Amino acid sequence: MNVRRLSWNHFRNLRAGEFEPCAGVNVIYGQNAQGKTNLLEAMWLFTGERSFRGAKDAELVLQGETAAALRMDFWSEGRGQTAKITVAEGRRTAELNGIPKGACSALTGKFCAVVFSPEHLSLVRGGPSLRREFVDSALCQMKPGYASLLSGYNRTLFQRNALLKDIPRHAELMDTLEIWDERLSQFGERVIRQRTAYLKALSEPAAGFYAGISSNRETLSFVYRKSAEDLRRALAEERREDVLSGHTGAGPHRDDVDIFVSGLNARAYASQGQKRSVVLALKLAEAELLSRMTGEKPVVFLDDVMSELDARRQDYLLNHLTEFQVFLSCCEPGAARQMKSGALFRMEDGALSAVP
Ligand code: ATP
Ligand code: MG
């Protein structure tokens, strides 16, 4: 999978332009606020997902204009394809190979990518919900039934919690709790099994990428930490506390993933550069698993990844990720000038130019 050509019109601060990236590493450099992230975001939108910055559609249109347009020629499923995105009146619509598709979500699965942006560092730094989300969103992409399994779990959890809040006023409802416990554990156990299997599959490529990034000096591993070994039993045992607190204390909505760098918990002990390397390895491993499933390597977007990384780690990203098409934004071209292969572009005030 790769981007052949991208053109834009009135997308954020990118007025009108186009570029043809190479199939390897593409470095986009420039000072702050010139449009580097905007360019990555423009390409990312062809995945059919929301902006990785959580932007509203209206924010994507150049101030003072009424519509933005993007066109991408890309190679996917063994052939060249063309997609177009229009943002107008607060809506994003898509066209694929000349056929209008309605909402952009219709592009899902056509153009696949993973993205690293500095906000993703909270995957290591932040609370458990972000790590659960990382696993869940990967599973939603890879396993067709997972999204409905997860929403089944969340619905049941919501109903059990509502019941817990009613029980103090209507003691007779206590009997119905058992039914909800059974339903919740059926959904919950399936969620846990899928998450555990995904992390098991992820661990080998993630450890491999981490070894590469750290020049084999450090190791990466992780384990899925369940809130209860046996969900059914835990729900029964914690009923009293659950009724008192009005919510369910055990289950996949409380689980976490413990990440270890060379045996130490990364959240508590890892350095800035190590945390960055962990998130990178996780994202690249996610790309690797996606490619094993679809048979195509997703495109890798690395926004502002270089800061806090030493020369060896930067070198790994610039010269060793040969199997992916990579788009990497940074402020200083630095080591990118000596890339073994790849292309260098400079972004200035929304205008992109190739650097020979
Ligand atoms: P940094 O190195 O600081 O991350 P960057 O090159 O990635 O910088 P971008 O985030 O791409 O910068 O943003 C570039 C500029 O685009 C910013 O000055 C921002 O105000 C501007 N911008 C964002 N959205 C719009 C819009 N809808 N219309 C006009 N300008 C916009
Ligand atoms: Mg940026």
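**View 1. Tyr29 and Cys330 in neighbouring strands of a predicted model.** In β13, the residue bridged to Tyr29 is Cys330. The model shown here, and in the views that follow, is predicted. Tyr29 belongs to strand β3, residues 25–29, and β13 spans residues 326–330. The two strands pair in the parallel sense, and five bridges link them.

**View 2. Strand β3 and its other partner, β14.** Strand β14 covers residues 343–348 and runs parallel to β3, with four bridges between them. Asn26 has Ala343 as its bridge partner in β14.

**View 3. The side chains of strand β3.** Which residues point one way from β3, and which the other way? Val25, Val27 and Tyr29 point one way, whereas Asn26 and Ile28 point the other way. On both sides these residues are buried. Why is β3 described as largely enclosed by the rest of the structure? Five of its five residues are buried, so the strand is largely enclosed. A residue is called buried here if 20 or more other C-beta atoms lie within 10 Å of its own.

**View 4. The six-stranded sheet.** Strand β3 lies between β13 and β14 in an open sheet of six strands, whose order is β8-β12-β13-β3-β14-β15. The pairing in this sheet is mixed. Its edge strands are β8, residues 113–116, and β15, residues 351–355, and each of them pairs on one side only. On average, neighbouring strands of the sheet are turned by 20 degrees against each other, direction ignored.

View 5. Strand β12 is made up of residues 299–303 and pairs with β8 in the parallel sense over four bridges. Ala113 stands opposite Val299 of β12. Helix α9, residues 272–294, packs on the sheet and touches both β8 and β12. The direction of α9 makes about 175 degrees with that of β8.

**View 6. The two domains of the chain.** Domain 1 consists of residues 2–112 together with 299–355, and domain 2 of residues 123–267. The centres of the two domains, taken over C-alpha atoms, are separated by 33 Å.

**View 7. The annotated span, residues 3–341.** An unreviewed UniProt entry carries the annotation "domain: RecF/RecN/SMC N-terminal" for residues 3–341. How far apart do the end C-alpha atoms of residues 3–341 lie? They lie 17 Å apart. The span is 40% helix and 23% strand.

Terms used
Residues numbered from 1 in each chain as written. Chains lettered and ligands numbered in written order. Predicted model: local features only at pLDDT ≥ 70, side-chain atom pairs only at ≥ 80, totals over all residues. UniProt positions renumbered as here; feature names shortened; annotations may be inferred. Domains from an automatic or database assignment. Pairing = 2+ DSSP bridges. Axes fitted to C-alpha atoms, helices over the stretch in contact; angles between N-to-C directions. Contact = placed C-beta atoms within 7 Å. Buried ≥ 20, exposed ≤ 12 C-beta atoms within 10 Å, placed from the backbone.
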